[in-house]
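Hello,

Here is the structure you asked for. My notes on it follow below.

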Amino acid sequence: MKIKATLALFAIGLLGLSQVGMAAKPKEADTIDELLKIHDNSSCKECHSEAHEQWSKSWHAKAVISSLKGMRNFIKVGLEKEWNTPLTKIQLLKCLDCHAPIVNFASEKLAKEIGGLIVTAFEKKGTRAGDAAKKELAKLNVGCTSCHNIKATTVAKGLRGEPEYGVVYGPNGNDSDGHESIESVEMGRSLFCMQCHGIYTAPDGEKIQCNTLSGSYQDAYINLGGSQTCQDCHMKDTGHFFPGGHDLATVKKGLGFNVQITDYRHLPGKVPGVKNKKAWVPSVLVTAFIENKTGHRVPDG
Amino acid sequence: MVLDVTAKDTKGKVLFAEKKTYFEIGVDTDRDMRYGAWQIKEIIDLTLPPLQTQKEQYLMHFDTDTDEVEIEAKLWYYISGGKGDVVYSVKKKMEFETD
């Protein structure tokens, strides 16, 4: 009888866990492959193929390997030479909390290894060791769960609390057969993007300035009456591809260029250095109007 | 981002060339220019502000025997370092009566 009751309680416990996703806090990973299993993005594309296809061509998909130089310099110049500080997970997260948020779940040992891979991939580019390091680092990026879970509540943590493990956060919170969902309206607001696309404040207070988009958005664009969100422009028609400064068509869309060219003849004798001081001087006035139609300064970063 | 304005004669010789660069300068707390994201604490902003139109004017004088010039204005966007793309380009041929 006692055994039956215990089994029943265990079953109820399991049921409860499955209903809230996997609420247990995941352990820290010691390898990159273990890390990827903690927040597994691999099955998202089965239902969200279009979003996955868009994302796979985005800079979010290569957020680590596209920034090796800057991150290597932070480790070798910033930490090693200027700050005389050892590479630790806390230090590495000053880059990777945004470039690969999943590294928050790495063990101290793995974080240091990832730092080493970054240095190797950059310094030994084109060699077997460098290419192998880059291949490993290519597994790290701003993936589905980076935004839809790990960073989902960051901008409103007091209100929303820590993200629930195993649950998918989205702007509408629609449940699906594949996962439990929680509505996170913040994901549709500029503030959500600004947590990384702006001045980043590390938990220890250090300010990291990869780009400053949020500053000009908040203090210039909004101040002048602008009301579009980052998502309004950078997800419109393109979804999770998030085109920006790397995409010429997007750059073109954000800028206006009106050039007016007019000629006249300047008064004789008024322009020094010409051959005939008594002749009219051929002259041209070029006026260029360059319009920034975007919600932030151009260029940025 | 660079506005590049040139004037060339019929043989392609450059008679006028001016560039205006829009960019931001990252500085550390000593106000020394820096490139590292961990070093930059403030910026000097020479970019195009949002929702604003910048006006640039260039007045060119050519020699008195110049009868034709081609004016070109190009807007370059540099996404990283030396890789630049022409976003917009405007060309116009100007003819002058000479004395």
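In what sense do strand 6 of chain A and strand 5 of chain B pair, and over how many bridges? The two strands, residues 53-61 in the case of strand 5 of chain B, run antiparallel and are joined over 9 bridges. Helices (H or I, at least four residues) and strands (E, at least two) are DSSP runs, numbered from the N terminus, and two strands pair if DSSP finds at least two bridges between them.

First, the basis. This is a predicted model, in which local features need pLDDT of at least 70, side-chain atom pairs count only at pLDDT 80 or more, and totals for chains, interfaces and linings use all residues. Residues are numbered from 1 along each chain as its sequence is written, while chains are lettered from A and ligands numbered from 1 in the order in which they are written. The predictor gives the complex an ipTM of 0.96 and a pTM of 0.88. For chain B the average pLDDT (the predictor's confidence in each residue, from 0 to 100) is 95, and 99% of the residues score at least 70.

Back to the strands. In strand 5 of chain B, H61(B) is the bridge partner of S283(A), and Y58(B) stands opposite V286(A). The pairing belongs to an open, antiparallel sheet of 3 strands in the order 5(A)-6(A)-5(B). Strand 5 of chain A and strand 5 of chain B stand at the edges with a single partner strand each, so one side of each has no neighbour in the sheet.

The contact between the chains takes 52 residues from chain A and 48 residues from chain B (in contact means C-beta atoms, placed from the backbone, within 7 Å). On the side of chain A that touches chain B, strand 6 of chain A gives the largest share, 12 residues.

Now the interior. A residue is buried if 20 or more other C-beta atoms lie within 10 Å of its own, exposed if 12 or fewer, and partly exposed in between.

Beyond its neighbours within four places in sequence, I114(A) is in contact with L92(A), V103(A) and A106(A). L92(A) is one of the buried residues of helix 6 of chain A.

Regards

Note on methods
Contact = placed C-beta atoms within 7 Å.
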